[in-house]
Amino acid sequence: MTIKPLIILPDPVLRQVSKPFERVDADLQRLSDDMLETMYDAPGIGLAAIQIGVPRRMLVIDLSKEGEEKQPLVFINPEIVNSSDDRSVYEEGCLSIPDYYAEVERPAKVTVKYLDREGKEQSVEADGLLATCLQHEIDHLNGVLFIDHISRLKREMVIKKFTKAAKSKVL
């Protein structure tokens with residue numbers, strides 16, 4: 001397993017819409033292992049393939065707490081097929097927008113269809129943190145960042161800050 005470099009805002013790669021996988025094979029399973037290793041190293045609770053520069057529809061999640069046994073989840077070609085009218089608010093962060101957090105309101109429950117690591121079709125009804133995390137990561141696959149769900153003024157300030165930081169690293 002290999003830890004991959006993370007794509008950081010304002011990199012335009014983060015705005016790409018990811019393409020679905022046609023088949024589940026050993027390369028895809030290796031990619032999911034690399035994504036999990038990268039996510040654990042960061043450390044984070046979710047990672048979309050686009051965040052390591054792979055514009056494909058896959059994400060990994062592990063909501064286990066420190067000291068608990070890891071519970072990695074792999075979602076290939078995930079799709080939200082239902083979402084509740086009830087809303088919930090969580091403070092979200094993102095490995096591609098380090099050290100920035102904001103409260104985001106999203107549907108409280110979602111149903112997601114996806115393929116597992118073996119290529120079997122699955123469905124999960126999620127609420128709480130899992131629902132938020134799935135929506136956050138699926139947004140990544142559609143070129144949407146969590147800052148797109150906050151006020152325009154706050155979003156512009158965050159983008160400006162990260163653009164300035166990226167320019168200073170180039171010099």
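This is a predicted model: local features need pLDDT of at least 70, side-chain atom pairs count only at pLDDT 80 or more; totals for chains, interfaces and linings use all residues.
Residues are numbered from 1 along each chain as its sequence is written, and side-chain values use heavy atoms, leaving out hydrogens and water.

Start by selecting Gly44, Ile45, Gly93, Cys94 and Tyr101: of the 22 residues lining the largest pocket, these lie nearest its centre. A pocket here is an open set of points on a 1 Å grid over the protein atoms alone, where a 1.4 Å probe fits, with protein on both sides within 12 Å along at least five of seven lines; lining residues have an atom within 4 Å of a point. Now colour strand 4 (87-94), strand 5 (97-107) and helix 2 (128-141), the elements that give two or more residues to this lining. Helices (H or I, at least four residues) and strands (E, at least two) are DSSP runs, numbered from the N terminus. The space inside is about 460 Å³, counted as what is filled by probe spheres set on the points, which are joined across faces, edges and corners.

Next, select Tyr40, Asp62 and Lys70, among the residues lining the second largest pocket. Its volume is about 250 Å³. Gly44 and Ile45 turn up in this lining too.

Finally, go to strand 6 (residues 109-115) and strand 7 (residues 121-127), which run antiparallel and are joined by seven bridges; pairing takes at least two DSSP bridges. Lysine 113 stands opposite serine 123. Between the strands sit five residues, and glycine 119 in this hairpin has a positive phi near 90°.
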